[in-house]
Amino acid sequence: MPELPEVETIARGLDKRVRGDVIESIWLGSKPEPLKSSAFEIARTVENSLIVGVRRMGKHIVVDLEHCVGRSSRRRLHKSREKPGDNTRAQWIIHLGMSGRVQVCPPDAELLKHTHAIAKLASGRELRFVDPRRFGRLSVSQNGEFEAGGSEPLDVELDKFIDLFRGRATPIKSALLNQKLLRGVGNIYADESLWSAQIHPARSGARLKEKELERLRKALQRILRKAIQMRGSSISDFVDVEGKQGDYQQRHQAYGREGKKCFRCGCVIKRIIVAGRSSYLCPRCQRSPRHQGRTRKKTKRTGLVRTS
DNA sequence: ACTATTTCCTGGATGC
DNA sequence: TGCATCCAGGAAATAG
């Protein structure tokens with residue numbers, strides 16, 4: 001389940017490999033297509049385009065393109081009534097969904113099942129999009145001004161961050177997952193940052209104190225940075241462009257740890273459903289909304305070691 | 001304008 | 001072993 005750190009890892013890997021290469025042609029799998037734009041529109045946009053760079057916006061991979069001024073693209077420009085010089089910047093947008101993967105490989109590399117797109121590059125290699133669960137989406141932006149939603153979690157200023165949740169009755173976990181507020185946070189990093197900031201996922205965003213939101217932002221940013229450094233979390237089958245796994249799953253303190261001991265207090269981590277999603281939390285460190293304001297019982301610490 | 005719920009999809013895990 | 005059922009998840013669509 002690629003979230004911000006995983007997508008960042010993939011985007012960096014792609015940028016390193018295909019920046020400066022040219023997409024000569026693209027094959028798009030037969031229907032039902034996991035596409036947002038039409039296959040025709042995608043092909044028209046990406047074919048004969050120079051890859052200027054690859055970057056991440058939220059959970060989207062953005063491939064910045066520039067139409068080549070080669071013979072074939074001149075004819076293309078003429079045909080489509082576009083004037084050379086303007087409208088030559090475009091973007092290919094890849095969303096990996098749950099199980100999406102991209103690979104850069106030689107043309108004779110084994111064709112994985114569920115390969116939905118193959119772009120042929122001038123270097124002779126292929127850029128492939130593979131997605132068994134078909135939650136991924138491919139699309140293009142003609143003007144090169146793709147809008148990815150809310151604020152980047154790693155850039156957002158404190159004032160803005162606090163503002164995002166003001167007047168929002170929805171559970172904080174739900175708000176963290178809302179891409180129109182913050183882009184890039186998914187189930188894993190929402191749970192990890194809430195655990196770190198000691199905030200119960202079901203608490204209303206509007207009712208969080210500024211101090212708690214300050215803690216949450218700090219935790220979220222620290223965790224995302226560390227996860228990027230460790231090339232993401234490999235839950236189920238996440239791998240980067242090279243097919244290599246990430247390491248951050250070894251650092252998880254809450255996510256996927258149901259029944260295990262909290263690294264902070266030794267209490268048993270439990271799993272509840274918030275916003276229709278599994279949410280892992282420590283019932284002692286993250287007090288539920290209805291326990292808010294009650295005094296905590298003093299309990300013996302268990303001498304467990306934190307891993308972060 | 002918000003918020004909650006349902007839907008899409010497949011592979012892997014679980015249960016009988 | 002084999003078959004059915006459930007579950008995971010992001011985000012768009014739908015309903016309240």
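Biologist: Which residues come nearest to DNA strand C?

Modeller: Of the 15 residues around DNA strand C, these are Met98, Arg133, Tyr255, Arg271 and Arg277; a residue is near a strand if one of its heavy atoms lies within 4 Å of it. This is a predicted model, in which local features need pLDDT of at least 70 and side-chain atom pairs count only at pLDDT 80 or more, while totals for chains, interfaces and linings use all residues. Residues are numbered from 1 along each chain as its sequence is written, chains are lettered from A and ligands numbered from 1 in the order in which they are written, and side-chain values use heavy atoms, with hydrogens and water left out.

Biologist: Why is Glu8 called buried?

Modeller: Buried means under 20% relative accessible area, exposed over 50% and partly exposed in between (1.4 Å probe, protein chains only). Glu8 has 15% relative accessibility and therefore counts as buried.

Biologist: What makes Arg12 and Glu8 a salt bridge?

Modeller: A salt bridge is a side-chain nitrogen of Lys or Arg within 4 Å of a carboxyl oxygen of Asp or Glu. The closest N and O atoms of Arg12 and Glu8 are 2.8 Å apart, so the pair meets that limit.

Biologist: Why are Arg12 and Glu8 separated by about one helical turn?

Modeller: Because they are 4 residues apart in helix 1, residues 4-18; helices (H or I, at least four residues) and strands (E, at least two) are DSSP runs, numbered from the N terminus.

Biologist: Which residue forms a salt bridge with Glu8 at 2.7 Å?

Modeller: Arg56 does. Arg56 lies in strand 2 and Glu8 in helix 1, so this pair ties together parts that are 48 residues apart in sequence.
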